[in-house]
Amino acid sequence: MPVGARPRDGALFWVGALLFSTSLIFGGGAAAGFYLSDTLLQLLAIPCLLLALWRLSAGAKCNLGRSELLLCAALIAIPLLQLIPLPPSLWATLPARELEKTALEMSSNQTAWMPISMAPKATWVSLLTLLPPIAVFLATAQLTNHDRRTLSLVFLAAAIISAFAGLLQTAHLWIAQSEGNPEAVGLFANRNHFAALLYSATLIAAVWAINGVFWRKNTSSRAAEMRHVLVLLGGFTLLTLLIAAQMMARSRAGLGLTMLALLGALALSYADKRRTRWTSASGLIVAAVVTVAVFSLQFALIRVLNRFDVDPLTDARIAIAKNTFSAIKAAFPIGTGLGSFVPVYGAFELPQDALIDRYINHAHNDILELLMETGLAGAVLMVFAALWFLARTRTAWWTPSAHGLEIDHGLTRAAALIIGLLVVHAFVDYHLRTETMMVTVAFCAALLVKAPSDPNHHPRLESITPAMRRSTSETQPQTTRPLAVVRAAGTEQISWPESRSENTKTKDEEKTAHPVVVETASSQKHKSSTGQIPSWGEAIKWPEAWRNPDSGRPAADDKARPDETAPDKSGSDDV
């Protein structure tokens, strides 16, 4: 734990990091909430959520505003309201409840109280799956920039593990799917979800690679240069690994969004204030792309092209979207309840759209599926979240705060790009239904919230270019004064160089400071005759202006001390 940090700050970081890392590793199931690993994540989310709320109630320093807290409260309130039992007279007036009414009539149970949700158990499960992302968001938003950088490295470590798993699956060394198809899915059950994690990690890796390009030590030793080379090689290797794993995943949406992510990485290098070496930062990213393209021609190109043989217009997603839209109109404005897609969609699926030996578990369009399940309340929440996101994105890219290092600003901009890409991807898939990607969105949303000030800020990671270093040295004020020697009537007054700037000297020090008097041959002769050294200024020929009696020049017999004479208007003690 950093020196000076409160114990609960360290506890919040470690609990949040544990929840974040376990969610990234074990939260890749397609049916979130129905696996034992999901139960483990929900149990880990409880202490993290309680600790984060306790810090908020205790008045901890953070920049969580009313809008962020309202968003979190609305996410919990919508499924809770859908689970409240309603009397038969009120429940019977809800739209799209004909099948349930018929079932109750056949069972002679017309007086039963029923909730809004048409699948209450699935709604309960959906409510519990919201605990980890909300806990990660509230915890990360209260962490300093240093802790957020550490969590970004945790995210990259999880992405590396998943990428290696995908490469092993492609090499027939690790079969993850039940039918034995050697597809690269990483720690997920779907290649599209795996691709979403990879292009998200590509942007985070690009930020660290860009910072490595500009990273410099104050010394020019060989060891410092070797460390700099290792940082560059590490960034290049990480980008190459993530892009290569994306090629092996063969997700059509993932490949297209990865291209946008790489363009975003170039934009991140250009937005960096240290862009005097912009060509080096962008060249590192381009070199990684070229390396993957050259070495994957033999292995991955054929596999990627085979994914585009099928006309995208013949994909079943279009028919599923039409049927889902029909369910939205039938259940609007109340909705059918979170998690109720499977039983509700079957009532609106057309016979010609049914798949042989398969059933539709999701709409492959998270926006439409949320509108069907939450109705008008979900639509309002999505609009509110979109406005909040646009405002935070504008701040991150165009008006970043002066607080934090340049890498912190880069992580904030990358977080905005990641959320944008994931939302675009949500129009053709349901990756946001997995615990891993929900936690990823929560982490990126927390990065858009300004971090609290870090009392233990260490500028070691701040990269300084040679031009910035020269400008800093040119504007550095002089802290010493030149040596001045004044000879007057055999007495030498020496003003030694000061150990600090004149601006820091107080008025009391100026009044009590006395010059150093050095005895010479003439002063010793005068001392032998009079018994004392002549005072400062006794035999000095004063300027003509001081000879005017009105100026208050002290007489020679007064033996005025330096603090009794008129001060020099130039601000210097030298005469």
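# Close-up views of a predicted protein model

View 1. Phenylalanine 341 and tyrosine 345 both belong to helix H15 (residues 341–348), where they are four residues apart, about one turn of the helix. Helices (H or I, at least four residues) and strands (E, at least two) are DSSP runs, and their numbering starts at the N terminus. This is a predicted model, in which local features need pLDDT of at least 70 and side-chain atom pairs count only at pLDDT 80 or more, while totals for chains, interfaces and linings use all residues. Residues are numbered from 1 along each chain as its sequence is written, and side-chain values use heavy atoms, with hydrogens and water left out.

**View 2. Aromatic rings meet in pairs.** Rings of Phe, Tyr and Trp (its six-membered ring) pair if their centres lie within 6.5 Å; planes under 30 degrees apart count as stacked, over 60 as edge-to-face and the rest as tilted. Four aromatic pairs are counted by this rule. One of them joins phenylalanine 13 to tryptophan 14, edge-to-face, at 5.1 Å centre to centre and 70° between the planes. Which of these two is buried and which is exposed? Phenylalanine 13 is buried, with a relative accessible area of 10%, whereas tryptophan 14 is exposed, with a relative accessible area of 59%. For phenylalanine 341 and tyrosine 345, the ring centres are 5.1 Å apart and the planes are at 20°, so this pair is stacked. Phenylalanine 341 is buried at a relative accessible area of 1%, and tyrosine 345 is buried at 2% relative accessibility. Here buried means under 20% relative accessible area, exposed over 50%, and partly exposed in between (1.4 Å probe, protein chains only).

View 3. Phe20, Phe155 and Phe443 are linked into a cluster by ring pairs. What sits over the ring of tryptophan 397? It is the charged end of arginine 413, 5.9 Å from the ring centre. A charge sits over a ring if NZ of Lys or CZ of Arg is within 6 Å of the ring centre and within 35 degrees of the ring normal.

**View 4. Helix H6 packs against helix H7.** Two packed helices are described by the angle between their axes and the distance between the axes. For helix H6 (residues 120–129) and helix H7 (residues 131–141), the axes come within 4 Å and cross at roughly 20°. H6 and H7 are therefore roughly parallel to each other. On the H6 side the contact is made by Leu127, Leu128 and Thr129, and on the H7 side by Leu131, Pro132 and Pro133. Five residues of the contact of H6 with H7 are nonpolar, one is polar and none is charged.

Axes are lines fitted to C-alpha atoms, for helices over the stretch in contact, and angles run from 0 to 180 degrees between N-to-C directions. Angles under 35 degrees count as roughly parallel, over 145 as roughly antiparallel, 65 to 115 as roughly perpendicular and the rest as oblique. Contact means heavy atoms within 4.5 Å. Ala, Val, Leu, Ile, Met, Phe, Trp, Tyr, Cys and Pro count as nonpolar, Asp, Glu, Lys and Arg as charged, and the others, Gly among them, as polar.

**View 5. Helix H7 is largely enclosed.** Why is H7 described this way? 11 of the 11 residues of H7 are buried, so the rest of the structure largely encloses this helix. Among them are Ile134, Val136, Phe137 and Thr140.

**View 6. Threonine 202 has contacts with leucines.** Threonine 202 is found in helix H9 (residues 191–214) and is buried, at 2% relative accessibility. Its contacts, leaving aside neighbours within four places in sequence, are Leu239, Leu242 and Leu262. Phenylalanine 164 is in helix H8 (residues 145–170) and is partly exposed, at 46% relative accessibility.

View 7. Most residues other than glycine have a negative phi, and most peptide bonds are trans. Phenylalanine 332 and proline 333 are joined by a cis peptide bond, with omega about 5°; proline 333 is in the loop between helix H14 (317–331) and H15. Arginine 250 has a positive phi, near 60°. Arginine 250 lies in the loop between helix H10 (222–249) and helix H11 (252–271), and is buried at a relative accessible area of 10%. Histidine 364 has a positive phi as well, near 55°, and is in the loop between H15 and helix H16 (366–398).
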